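Have the coordinates open as you read.

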Amino acid sequence: MILVNYLAAVALLCIGLYAVLTKRNMIKMVMGLSLMEAATYLFMISLAYRAGSTAPVLLSPPPGKSAGDLVHGNVADPVLQNFCLTAVVIGVAVTAVFLSVVVRIAQHYRTLDSDKVRKMRG
Amino acid sequence: MRPVSGTVGQAEPVSGTVGQAEPPRVRAEAAEQEPGYRRWAGAILAAGMAVALAAAMISIPREHAALPAVARYALAVALPRWGLTEPVNEIVYGTRGFDTFGETFLLLAAVISVVMITRSREARRGYFGESQAGQRERAQADPVVETDATERAARAAEHREQGGHVPGDPAEPDTPDATALGTPAPETADAMTVVVRTAIRIALPVLAVAGLYLVAWGYSPGGGFPGGAVLVGVLLLVYAGFGRRRISRIVRPALLESIELAGAGAIIMTELLGLLLRGSFSANWLPLAAPRTILSGGIAQLFSASELIEVGTGLAIAVFALIGMGHDWAPDERAGADDPGGER
C-alpha cells in the first residue's frame, strides 16, 4: 500500500502549489515552496521502500549468511536515501535564499504583499 | 491604480512640514482578501496538477519492484571497493560522489547568494550589533519615525544589549547565569530562563557528540551532511539560550567564511587528487582501512569530514546572515507624492 504514500506526497505538493499560487503574503509563498520540497522528500523515501525489506546495511548478517548475501537481500533502495539526505540540506539553504530575498523586498517596499510589489511590472 | 496611502511630501530631507498631517507611518498589513477568481484558479490548477501526478503515480514501481541496477551495484561494491558497511554512505561519497560534489557547490552557491543579498548597506564586521551602526543612516533615510512607549523600551533594551553593556551592571550581568533567581527573566533577545539554559546545557554535549559521531564513523548514513546540520543546531541552541555574546567570538563572518571556503577547497582537492593519482575524478586514492573503523572508506571519510565543515559553516552563515539583516531598511519611497517608476 505504498501507493498511499505516493498520493500523500502528491497531495502535499499540491497544497504547497496552491499556497504559492493563491497567497499574496510572501512568507506564505515560501512556506508553500517548503511544503513542495517536503513532498519530494516523502516521495523519494517512499519510492525507496520495498515490502518486508531491511535497512541497506551490510552488518551482522543473520546466522548462516555472509555479508555477501546481504548484498542480494531484500533492502530499501540506498540511492534514493542518498538523494533525500543531500536534498534536505540543499532545501534549507535554498529556503534561506528565498527568505533573504523576502526580507529585502519587505525592507524596500515596506510590505509583504506580493500584489504591491510591482516595480518590475512591464 | 489604487491610491497610495499617505500622499504627503517626500520624507527624504529633514524639513519641518513633512510628516505632520500624515497618518501613522505603520501601515497595517492588509488582511489577505483574495479576489475570488484567484482562489478558484489556484484550486483548479493545483487540482489539475494533483490529477496528473496521481495518474503518473499509479504506474510507477511500487514496493514489490526489483531494486534498480544502480542500487545493486552500489551494494555490491560498498564492501570490496570502499570497505564501507554502510551503502548509503558509500553512495553519497563514492559511487555518486560526483553528484555530491555538485550538490556541495550548489550549497555554496546558495550560501554566497544569501551573503550577497543580505550584505548590509553600512560597514560592519559582525552579524550582530547592526542597530547602532545603522542608526545614523536610518535617521537620514526615515527621520519621522513615530515612537511609542513600547518602542522606546525596546530600543533601550536593544541599546543595552548591543553595546551599552556595562560590566558589573546588576540590571544586565555578564552572563545570564548571574541573574538572581526569582527576578524577572532575562530581558528581550538576550537569553532564556534558567530552565531552558539548564536543559540546553544537558542536551548540548549529547547533540554535539552525536553530530560528530555521525561523521567520525563511516558506517553512519550521510556522514557530513546530517553531522553539519546537527552542529548548526548546537550553535543555534547556544545563541537562543545564552545570547549572542556567548557565540560572538566564533560566529563572525570573516572566520566562518574562511572555514567554509577551506572546506570547499578540501573537497576539490580530495576529488581532484583522484584524477591526478588514480586517473579518474573522485576515485579513491587513500589506502583502505578495515571496515567499521574510523578510517574505513578511504577518501569517503575525508570527503565526509570536509562536507561537515562545508555544511556546518555554510548553514551557519546563511542563518546568521538572515538574523543580522534586521535594521537595513531602505527609504520609504511610497510615502512620496511622486513615485518614480513605482505604481504604474
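## Ground rules

Helices (H or I, at least four residues) and strands (E, at least two) are DSSP runs, numbered from the N terminus. This is a predicted model, so local features need pLDDT of at least 70 and side-chain atom pairs count only at pLDDT 80 or more, while totals for chains, interfaces and linings use all residues. Residues are numbered from 1 along each chain as its sequence is written, with chains lettered from A and ligands numbered from 1 in the order in which they are written.

## Chain B at a glance

Chain B has 11 helices and zero strands. Read from the N terminus, its elements go α-α-α-α-α-α-α-α-α-α-α.

A residue is called buried here if 20 or more other C-beta atoms lie within 10 Å of its own, exposed if 12 or fewer, and partly exposed in between, with C-beta atoms placed from the backbone. On that count, 31% of the 344 residues of chain B are buried. As for contacts, two residues make one if their C-beta atoms, placed from the backbone, lie within 7 Å. Take the contacts in chain B between residues at least 6 apart in sequence: 69% of them join residues at least 24 apart.

## Where the chains meet

On the chain B side, 66 residues are in contact with 49 residues of chain A. The helices of chain B that each supply at least two residues to this side are α1 (36-58), α2 (69-82), α3 (87-95), α4 (97-117), α8 (224-242) and α11 (299-323). α1(B) gives the largest share, 11 residues.

What is that side made of? Sorted by class, the side of chain B that touches chain A has 41 nonpolar, 10 polar and 15 charged residues. The classes work like this: Ala, Val, Leu, Ile, Met, Phe, Trp, Tyr, Cys and Pro are nonpolar, Asp, Glu, Lys and Arg are charged, and the others, Gly among them, are polar.

## Two helix pairs

Two packed helices are described by the angle between their axes and the distance between the axes. The axes are lines fitted to C-alpha atoms, for helices over the stretch in contact, and angles run from 0 to 180 degrees between N-to-C directions. Within chain B, α4(B) and α11(B) pack at about 20°, with axes 9 Å apart.

L85(A), T86(A) and V89(A) of α4(A) make the contact with F225(B), P226(B) and A229(B) of α8(B). Those residues come out as five nonpolar, one polar and no charged.

## Core and cover

The largest nonpolar core has 80 residues, and A93(A), A96(A), L315(B), A316(B) and A318(B) touch the most other members. Such a core is a set of buried Ala, Val, Leu, Ile, Met, Phe, Trp, Tyr and Cys residues joined through C-beta atoms within 7 Å. α11(B) gives the most to it, with 16 residues. Beyond its neighbours within four places in sequence, A316(B) is in contact with V232(B), L235(B), V251(B) and L256(B).

How much of α3(B) is covered? Nine of its nine residues are buried. The cover includes α4 (78-109) of chain A, along with α2, α4 and α11 of chain B.

G83(B) sits in the loop between α2 and α3 of chain B. With 23 other C-beta atoms within 10 Å, G83(B) is buried. Leaving aside neighbours within four places in sequence, G83(B) is in contact with L288(B), A289(B), P291(B), S296(B) and G297(B).

Most residues other than glycine have a negative phi, and most peptide bonds are trans. S282(B), not a glycine, has a positive phi of about 65°, and lies in the loop between α10 (253-278) and α11 of chain B. S282(B) is buried, with 24 other C-beta atoms within 10 Å. R110(A) also has a positive phi, near 60°, and is found in the segment after α4 of chain A. R110(A) counts as partly exposed, with 19 C-beta neighbours inside 10 Å.
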